[in-house]
Amino acid sequence: MGRKVIAAALCAVLGLASCASPPPPPPPPASPSPSASPPVEPARFPVGSRQVAWSRGADRPLRTLLLFPAATTADNPGPAPAPAAVPIRRAAPPRTGSYPLVLFSHGLHGSPEGYSAAAASWAAAGFVVALPAYPYTNHSADPYRRRDMVNQPADAAYLLRKLIAVAADPGDPLYGHIDTTRVAAVGHSAGGFTTTGLFRAGHDRRLVAGVVIAGWMAPGKFGGAPARLLFVHADNDKVIPIADGRAAYAQAPWPKKFVVLPGATHAAFMHPGEPGYTAMDRTVTAFLRQTLGGHSAFTTNAASS
């Protein structure tokens, strides 16, 4: 009997595990699938602009800046750069396609131009953004009337009707480029106050989303067709305390979310390069894409921080 046979027999009798043959080496890790690819960033477009002069009656002029995805032209040769540096081109024609509508309301002593950098980032993400100058609270208002804020929700509702009419007017340059089936309202500070005031009983059912940034509750209560709401507030806001934003959030009866910007102050985060801007921009852009695009990510009532 050979030595190997004898050794195997002894192992079987004595139960010596050490006699067993070593296990085969583990298989090499699977190589990535050739079809796998990194996530694709959503498209960002060049941004064009246009000014319109509307008025809700003789004493309520509402100059409005319109920002929109622009066509690529010889002097506008490619996709928009990073959100912090989106240029605005006055002469650029609208890009082919129809884009959801966003109405942005400024804060006290604000202006469309003062918020245009943030709004241009949203336009580059695929929205038509309208920025009115409210008649008695904008930076050049004469006279300036802080208490006129209570009239601004009606101004905003009027502007939405005008913009919906523009979208249906074959003679307007933006004809066919504004999707009015889903509309959002966004506002900062007193503009957030204005935005809450839009969501009253009887508001247009196409107004399906709202973003209240560093704002508070207008008189009355939410009502009418349900809408998804996002509240964004800095935890170091000395102008409008975060408790005021949370109080407005608590009154909202619909799907909603509360996002805190840690360490940011009242207004600086609305400007590229300032602390909190990137978080604000990404949060608002994602919300607009989800709600106006028909997704259902904002369906819970739980606050986040």
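In the predicted model, His233 is in contact with Ala214, Gly215, Ile240, Pro241, Ile242, Gly245, Phe258, Val259, Val260 and Leu261, when its neighbours within four places in sequence are left aside. This residue lies in strand S8, which covers residues 228-234, and four of its partners, Phe258, Val259, Val260 and Leu261, fall within strand S9 (256-261). Because its relative accessibility is 2%, below the 20% limit applied here, His233 counts as buried. A polar contact of 3.4 Å links the side chain of His233 to the side chain of Asp237.

With a relative accessible area of 27%, Gly276 is partly exposed, whereas His233, at 2%, is buried. Beyond its neighbours within four places in sequence, Gly276 is in contact with Leu261 and Phe269; Leu261 is also among the residues contacted by His233. Between the C-alpha atoms of Gly276 and Val260, which stand 16 residues apart along the chain, the separation is 9.8 Å, and Val260 is likewise one of the contacts of His233.

A further part of the model concerns the packing of two helices, H3 (residues 152-167) and H4 (residues 190-198), whose axes are 8 Å apart and meet at an angle of about 70°. Since angles of 65 to 115 degrees are classed in this way, H3 and H4 are roughly perpendicular to each other, and the crossing in which H3 passes H4 is right-handed. On the side of H3 the contact is formed by Gln152, Pro153, Ala156, Ala157 and Leu160, while H4 supplies Ala190, Thr194, Gly197 and Leu198. Sorted by class, the residues of this contact comprise six nonpolar and three polar ones, with no charged residues.

Helix H4 is mostly covered, in that nine of its nine residues are buried. These buried residues are Ala190, Gly191, Gly192, Phe193, Thr194, Thr195, Thr196, Gly197 and Leu198, and they include Ala190, Thr194, Gly197 and Leu198, through which H4 touches H3.

Key: Residues numbered from 1 in each chain as written. Predicted model: local features only at pLDDT ≥ 70, side-chain atom pairs only at ≥ 80, totals over all residues. Heavy atoms only, no water. Helix = DSSP H or I, 4+ residues; strand = E, 2+ residues; numbered from the N terminus. Buried < 20%, exposed > 50% of the residue type's maximum accessible area, 1.4 Å probe, protein only. Polar contact = N/O pair within 3.5 Å; in protein donor to acceptor, adjacent residues only side chain to side chain. Contact = heavy atoms within 4.5 Å. Axes fitted to C-alpha atoms, helices over the stretch in contact; angles between N-to-C directions. Parallel < 35°, antiparallel > 145°, perpendicular 65-115°, else oblique. Left-handed = near helix turned anticlockwise from the far one by under 90°. Nonpolar A, V, L, I, M, F, W, Y, C, P; charged D, E, K, R; others polar.
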